[in-house]
Amino acid sequence: MADTSNNHDAGNAPSDDEVLLDSSEAAEIVPDDPDHPMDSDNEGSQPDNDTQEEEIQLQNDSIAYFDHHADSIFCIANHPLHPATIATGGGDDTTYIFSADVPSPVLPRSYETNPSSARSSLSPIAKLTGHTDSVNALTYTLPHGDFVLTGGLDGFLRVHSTTTTSPTPYPLVASAQEVPEINFLSPCPHPTYPNAFALGASDGSIWIYTIDLILDPQNPLQVLQAYYLHTSSATAGAWTPDGKLLATVSEDGSFYVWDPFGEAAGAGITSSGSGQATVVGLTTADQRFAVEDGLFSVAVSPSGAFAAVGGAHGVIRIVGLPRFSASSSTTSTTTKNTKSSSTSTKSLKSGAGSSKKSAASDGGATGQQGGQILASLQVQSESIETLAFSPHHPLLAAGSVDGSICLFDTAHNFTLRRHIRKAAASASASASASSAAAAEGEGKGDEEEEAFAVVKVAFGTETEDEAWMLTSCGMDGV
């Protein structure tokens with residue numbers, strides 16, 4: 001294109017592409033205005049705190065409360081048949097039993113125009129004492145909740161009957177002190193062995209007990225098995241849904257799946273070679289599994305096909321478990337229907353030989369998947385303190401010391417479905433209302449907020465609709 005200024009100078013006339021206007025003919029001269037960025041140019045940058053942040057007001061919509069403990073509460077357990085009957089244990093060395101079966105309001109308190117006056121605390125049904133240090137573990141036995149078990153940092157295990165009311169409610173029927181400190185108690189769901197449970201201790205030992213007032217009223221608490229493969233504190237344990245196997249983890253980074261009733265061995269599932277009735281054994285010697293600084297949580301999927309173990313630095317390992325086939329399950333059911341609880345205890349002590357032979361003849365189990373590392377996950381930044389599977393949907397929830405909760409899709413290679421940052425935070429925490437911030441990471445612009453550890457997550461279990469509900473407890477007191 002020719003230079004128009006040269007044409008003007010040369011011919012003193014405008015070209016066809018030009019329209020010249022003399023300054024005296026202009027109605028208004030608009031000063032030069034530099035380019036300004038559009039509003040959309042700010043997308044992805046730091047949000048404006050004045051419009052981006054909103055204050056979250058926490059509303060207490062509880063229908064009742066209980067505040068008789070004089071110190072922190074460390075453990076809570078619901079009766080398996082009457083969930084409204086709740087046991088709590090705490091730092092005051094005491095266990096309380098109370099009922100939360102109170103009328104529910106039509107609407108939550110936050111919907112009331114004139115909220116009712118302050119409510120009074122629920123009254124305890126029973127107060128259980130006897131520990132000399134904090135009550136650190138608590139559970140009811142299965143399947144009927146015949147006993148409530150308390151474990152303390154004093155190493156004592158105390159067993160109270162829930163069915164005896166004379167001379168006082170919840171009388172002490174047995175106690176034992178085999179370990180320095182009790183870290184967890186886990187009731188066994190195996191239908192053939194009612195009132196059996198597992199205990200994990202600070203010295204790394206794992207104990208399997210049963211309670212039978214009929215077989216031996218004077219000494220109802222009986223040790224069925226004791227294992228000593230963990231070399232450091234046993235931090236968590238979980239049974240498979242059928243109660244045949246027990247999975248435990250430790251601060252030494254080891255993961256073992258035990259066969260306390262001999263059913264896996266009887267079904268032809270080979271041992272991991274430890275010589276202590278394990279069907280899976282993984283330690284830090286296996287670099288594919290190793291988690292530096294230990295493991296702190298474990299959960300077994302509703303199908304019993306795999307377990308999730310959580311450890312330091314936000315690491316989660318998914319490990320396959322041995323499977324029992326339908327024929328093996330049928331054998332177990334037949335055995336259950338032909339044995340009383342007392343007989344089952346006797347047969348267990350003798351090695352449960354008849355059930356082993358029956359299962360072995362059916363060839364009803366496979367250990368091909370047992371011990372295989374199916375997935376390795378690391379989304380959260382600090383230790384995984386709690387894990388839970390949804391009973392009705394393919395979801396795994398993980399709560400971390402970093403204050404966040406992650407939801408993984410177990411049906412699609414454990415894809416991360418949601419990362420809830422600062423799930424446990426101070427009551428005055430502010431949250432981002434921007435969808436863009438949520439997409440790129442929740443919590444932008446509020447790094448100064450204090451996050452608290454998430455110590456418990458749990459899905460609803462009663463109905464399929466409730467299984468979409470996830471509850472959590474954090475060190476923020478919420």
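Me: Which residues does S404 touch, not counting those up to four places away in sequence?
Reply: S404 touches Q380, A398, G399, H419, I420, R421, K422, A423 and V454. Contact here means heavy atoms within 4.5 Å. This is a predicted model: local features need pLDDT of at least 70, side-chain atom pairs need 80 or more, and totals for chains, interfaces and linings use all residues. Residues are numbered from 1 along each chain as its sequence is written, and side-chain values use heavy atoms, without hydrogens or water.

Me: Why is S404 called buried?
Reply: Its relative accessibility is 2%. Buried means under 20% relative accessible area, exposed over 50%, and partly exposed in between (1.4 Å probe, protein chains only). So S404 counts as buried. S404 sits in the loop between β25 (395-400) and β26 (405-409).

Me: What makes the link between the side chains of S404 and D402 a polar contact?
Reply: The distance is 2.7 Å. The limit is 3.5 Å between N or O atoms; within protein, one must be able to donate a hydrogen and the other to accept it, and sequence neighbours count only if both atoms are side-chain atoms. The S404 and D402 side chains make such a contact.

Me: How do you know that E263 and K244 form a salt bridge?
Reply: Their closest N and O atoms are 3.9 Å apart. A salt bridge needs a side-chain nitrogen of Lys or Arg within 4 Å of a carboxyl oxygen of Asp or Glu. So the pair qualifies. It links distant parts of the chain, 19 residues apart: E263 is in helix α3 (263-266), K244 in the loop between β14 (234-239) and β15. E263 is buried at 11%, and K244 is buried at 3%.

Me: How many salt bridges does a search of the whole structure find?
Reply: It finds 3. One of them joins D286 and R288, at 2.9 Å. D286 is buried at 18%, whereas R288 is exposed at 61%. R417 and D409 also meet in a salt bridge, at 2.8 Å from N to O.

Me: Why is R417 called partly exposed?
Reply: Its relative accessible area is 49%. D409, at 7%, counts as buried.

Me: What makes β15 and β16 a pair?
Reply: Strands pair if DSSP finds at least two bridges between them. β15 (246-250) and β16 share 4, in the antiparallel sense. Strands are DSSP runs of E, at least two residues; helices are runs of H or I, at least four; both are numbered from the N terminus.

Me: Why are β2 (73-78) and β5 (124-128) called edges?
Reply: The open sheet runs β2-β3-β4-β5, with antiparallel pairing. β2 and β5 each have a single partner strand, so one side of each lacks a neighbour in the sheet. Within the sheet, 5 bridges join β3 (85-90) to β4 (95-99). G89 has T95 as its bridge partner in β4.
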